[in-house]
Amino acid sequence: MSTEIFPVENIPFDQMPSPCFVLDESRLKHNLEILKRVQDESGAHIICALKGYSMWSTFPMVRQYLYGATASSLNEALLAKHEMGKEVHVYVPAYSDEEFPEILDLADHITFNTFTQWERFKDRVQEYKDRTGRHIGCAIRINPEYSENKVPLYDPCVPFSRLGVTRSHFREDLLDGIDGLHFHTLSAKNSDTLERTLEVIEEKFGDLLPQMKWINFGGGHHITNKNYDVDRLIRVVKAFREKWNVDVILEPGEAVGWQTGWLVSSVLDTFNNGMDMAMLDVSVSAHMPDCLEMPYRPDIRNADEPGEKAYTYRLGGGTCLAGDIIGDYSFDAPLQVGSRVVFEDMIHYTMVKTTFFNGVKHPSIGIWTLDGQFKLVKHFSYEEFKAKLS
């Protein structure tokens, strides 16, 4: 039975610290129930991509639904092992000699980006198995040279991509010890994109699939978006599993944290320099860098496009960067010092990418609990800013 989502209009944002990331447990649980349905009906294993969602204070809930987590670094692997406590999958574009022994101790699955990396480390994987008796599933990341991403920054299939092995450079003579293949070409896509991508995978790599125990479909599956075709995903995954007799792994991050919470901010100053301006206690550069990278315009609760409502403001962040501008928005009433400005959908990726740039106050982290209470999880201090620099 689906979780009842707490009405956002009943959440007292004006009583919370500012700035603050606030996760709603009811929305997180709702997403996890959708992901569990996909697992149950398709037979896929879904793991949480920590690069997109790493709020480990919620992992006790997440681990009840998902098989584990996937890491993109040693630090994320440590977080997965010690805080999620289930399966740990690791993919790093290039492993280092210094870190690889610790990754072996942490990982259940390891994906290698190139055959040169596999040749470099495969003996260490075998030596580890001989010494400990523990098998680590190893995979090669493939590049099908097919992607429907429109933003080059997020497209791993651009010409001369550094991510994954194309078919023309694939080394079938080096597959001894390889259990799986891994591709990651999607970014916030629906299941029809996955279906078309699998057709290309089968065309280019189909002769290799019978040799594999598992295929990792990567992330970018927008499963918890209200417009996502979950039934189609279930059909596609189930058909692929049965056709090739392999396990299928999905590793969404965004879908776990999608629409689960907000970034609460406050107005520090208003003035007019030819247009009305409002300075906030958050920064697009330090606290919402994905808005610059993607780029995208974040939604604000109870705000609209400029001119749509009575009062339009350009919202600015608190750093010295001239371009630290969040955008132009309109409101029903004038903004005043202390007015709360609540940014929507800030818990996946945005929260992960924050920095201490300029030493500006870092947003706290809180949870709106299932029983309708605010719980402050983390407040950032000067010592944490200082520790990052020396």
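**Barrel and salt bridges**

In this predicted model, 8 strands form a closed barrel in the order β2-β3-β4-β5-β6-β7-β8-β9, and their pairing is parallel. From one strand to the next, the twist averages 25 degrees.

- Strand β3 (residues 68-71) and strand β4 (residues 87-92) run parallel and are joined by 4 bridges.
- Within this pairing, Thr70 has His89 in β4 as its bridge partner.
- Helix α3 (residues 74-84) packs on the sheet, where it touches β2 (45-49), β3 and β4.
- The direction of helix α3 makes about 170 degrees with that of β3.
- As a general point, the strands of a sheet pair through backbone hydrogen bonds, in either a parallel or an antiparallel manner.

**The salt bridge between Asp231 and Arg37**

- Asp231 and Arg37 form a salt bridge in which the closest N and O atoms are 2.4 Å apart.
- This pair links distant parts of the chain, since Asp231 belongs to helix α7 (residues 230-244) and Arg37 to helix α1 (residues 25-42), 194 residues apart.
- Asp231 has a relative accessible area of 40% and is therefore partly exposed, as this value falls between the limits of 20% and 50%.
- Arg37, at 33% relative accessibility, also counts as partly exposed.

**The salt bridge between Glu148 and Arg196**

- A salt bridge brings together the side chains of Glu148 and Arg196, at 2.7 Å from N to O.
- Glu148 lies in the loop between β6 (137-141) and β7 (180-182), and Arg196 lies in helix α6 (residues 191-205), so the pair ties together parts that are 48 residues apart in sequence.
- Glu148 is partly exposed, with a relative accessible area of 22%.
- Arg196 counts as partly exposed at 32% relative accessibility.

- Arg171, by contrast, is partly exposed, with a relative accessible area of 33%.

Technical notes
Residues are numbered from 1 along each chain as its sequence is written. This is a predicted model: local features need pLDDT of at least 70, side-chain atom pairs count only at pLDDT 80 or more; totals for chains, interfaces and linings use all residues. Side-chain values use heavy atoms; hydrogens and water are left out. A salt bridge is a side-chain nitrogen of Lys or Arg within 4 Å of a carboxyl oxygen of Asp or Glu. Helices (H or I, at least four residues) and strands (E, at least two) are DSSP runs, numbered from the N terminus. Buried means under 20% relative accessible area, exposed over 50%, partly exposed in between (1.4 Å probe, protein chains only). Two strands pair if DSSP finds at least two bridges between them. Axes are lines fitted to C-alpha atoms, for helices over the stretch in contact, and angles run from 0 to 180 degrees between N-to-C directions. Contact means heavy atoms within 4.5 Å.
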